[in-house]
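Hi everyone, thanks for making time for this. Please take a moment with the sequence and the structure before I start talking.

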Amino acid sequence: MSSLYYSQYVLSDRDAWELNLTSSYGLHTFVCGLFDRTRNADATDHSGILFADKSGIAGRRGAARCRHLVILSTWQPHVPRLGVLTTRSVPEKFFRADVYRFACTVNAVCRMRKTGRHVPLRDSGEIGDWFRSRAPQWGFSLWQDSSEVKGIVVDTFKKGSGTSVVTLSKALLSGVLKVTNREAFIRSVRFGIGRGRAYGCGLLEISPLS
C-alpha cells in the first residue's frame with residue numbers, strides 16, 4: 001500500500017480570519033494549498049486529499065472561532081506559516097482490524113429518476129438508511145445497527161469570486177463498522193465516500209476495536 005498521512009491542524013480565531021477560513025470553499029482552497037499537487041496517480045478521479053472540520057460545520061455566520069482540522073492525504077503537507085500542524089504516517093497494520101469505531105461527515109443525496117437531479121436528504125432516518133444501504137460498496141457493514149446521525153446542517157457558499165453557489169446538506173454519522181471487503185474498505189478510507197469530498201465531506205475517521 002502506498003503512503004498515507006494523517007494530520008491534525010489547529011488554528012486560533014485570528015489565524016482563521018487571516019487565512020479566510022470562513023466558508024467551506026475557503027477551507028478547500030487553504031487545505032489544497034498545503035500540498036504541492038492536487039492530483040494523485042493512484043486514483044485519477046480523486047485528489048488524494050480529504051479533510052474534516054472538527055470545530056464545526058463551516059459556513060455559519062458569526063464571529064470566527066478556533067479551527068481544528070483533520071486531514072488525510074496520500075502525501076505530506078507543507079509546514080504552514082500559521083497554526084500548529086502535526087502529521088504522522090498511517091501504518092499498513094492499521095487496516096488489519098475487523099471492527100472499527102468511525103465518524104464521518106457526509107453529504108447524503110438521492111438521485112431523482114425523472115430529472116436526474118440530486119436531492120439532499122435532511123431527515124436523520126433517511127440519512128441513516130442512505131448510509132446503511134451504501135456501506136457494502138464501501139467495504140463494510142454497520143455493526144449491530146450502531147450508527148447515530150446528528151449535526152444536520154445546510155451549508156451554502158460561493159465558489160471563489162464567481163456567482164456559482166454550492167449547497168451541501170451535511171450530517172455527522174458515528175458508530176461501529178465491520179469490514180466486509182478489505183480492499184474496498186481501504187480505498188474508501190484513502191479516497192473518501194460519497195459526494196462533497198472537496199468541501200469537508202467523506203473522510204472516514206476510524207479507530208480499530210478488534
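Let's begin with aspartate 53 and arginine 67, whose side chains meet in a salt bridge, 2.3 Å from N to O. By salt bridge I mean a side-chain nitrogen of Lys or Arg within 4 Å of a carboxyl oxygen of Asp or Glu. This pair links distant parts of the chain: aspartate 53 sits in strand β2 and arginine 67 in strand β3, 14 residues apart. Helices (H or I, at least four residues) and strands (E, at least two) are DSSP runs, numbered from the N terminus.

Before going on, a word on where this comes from: it is a predicted model, local features need pLDDT of at least 70, side-chain atom pairs count only at pLDDT 80 or more, and totals for chains, interfaces and linings use all residues. Residues are numbered from 1 along each chain as its sequence is written, and side-chain values use heavy atoms, with hydrogens and water left out.

So, are aspartate 53 and arginine 67 buried or exposed? Aspartate 53 is buried, with a relative accessible area of 15%, and arginine 67 is buried too, at 4%. Buried means under 20% relative accessible area, exposed means over 50%, and partly exposed is in between, using a 1.4 Å probe and protein chains only.

How many salt bridges are there by this rule? The count comes to six. Another one joins lysine 170 to aspartate 155, with the closest N and O atoms 3.0 Å apart. Here lysine 170 belongs to strand β10 and aspartate 155 to strand β9, 15 residues apart. Lysine 170 is buried at 3%, and aspartate 155 is buried at 1%.

Now look at aspartate 129 and arginine 132, which form a salt bridge at 2.8 Å, N to O. They are three residues apart in helix α3, so about one helical turn separates them. An α-helix has 3.6 residues a turn, so residues three or four places apart point the same way. Aspartate 129 is partly exposed at 47%, and arginine 132 is partly exposed at 33%.

Let me finish with helix α4, residues 182–191. Seven of its ten residues are buried, including Phe185, Ile186 and Phe191. Among the elements covering those buried residues are β2, β3 and β10. At the N-terminal end, asparagine 181 caps α4, with a side-chain oxygen 3.3 Å from the backbone nitrogen of glutamate 183. After α4 comes glycine 192, with a positive phi near 90°.

Definitions and conventions. Contact = heavy atoms within 4.5 Å. Polar contact = N/O pair within 3.5 Å; in protein donor to acceptor, adjacent residues only side chain to side chain.
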